[in-house]
Amino acid sequence: AKITYKHHDGTEDVVEATNGESVMEAAVKNSVAGIDADCGGACACATCHVYVDEAFMDKIGEQQEMERSMLDFAENVQPNSRLSCQITVSDALDGLVVTTPESQH
Ligand code: FES
């Protein structure tokens, strides 16, 4: 699935992600800036925080309890804030657009 990572400075990275990997893993594999993922996807660091494009909020589904509590540690949390290690790539997410927070650059 194609995923676009937008950055606060107006640049963006477009990545071809594999189904089953997370939006965080796809970013790290392709050296996308703005997603640090210090904990390696264990939902324990909140440095993979992204803002999900409104059009995809339904498809991504509800936050899990662990994700919600970890997001308390992220900066500038918005209603569309998610942890990208908790978003699994699938065909349904083709064309997904996420924005990385300025604090992770
Ligand atoms: Fe650490 Fe997502 S990579 S919470």
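**Legends for views of a predicted protein model**

**View 1. Confidence across the whole model.** Residues are numbered from 1 along each chain as its sequence is written.

**View 2. The order of helices and strands.** The protein holds three helices and five strands, which are DSSP runs numbered from the N terminus (helices are H or I, at least four residues; strands are E, at least two). Starting at the N terminus, these elements follow the order β-β-α-β-α-α-β-β.

**View 3. The nonpolar core.** In the largest nonpolar core there are 23 residues, and those with the most contacts inside it are Val23, Met24 and Ala27. Such a core is a set of buried Ala, Val, Leu, Ile, Met, Phe, Trp, Tyr and Cys residues joined through C-beta atoms within 7 Å, and a residue is buried if 20 or more other C-beta atoms, placed from the backbone, lie within 10 Å of its own. At least two residues of this core come from each of β1 (2-6), α1 (23-29), β3 (49-52) and β5 (96-99), with α1 giving the largest share, four residues.

**View 4. The surroundings of Val23.** Apart from its neighbours within four places in sequence, Val23 is in contact (C-beta atoms, placed from the backbone, within 7 Å) with Ile3, Ser84, Ile87, Val89 and Val98.

How values were computed. Predicted model: local features only at pLDDT ≥ 70, side-chain atom pairs only at ≥ 80, totals over all residues. Buried ≥ 20, exposed ≤ 12 C-beta atoms within 10 Å, placed from the backbone. Contact = placed C-beta atoms within 7 Å.
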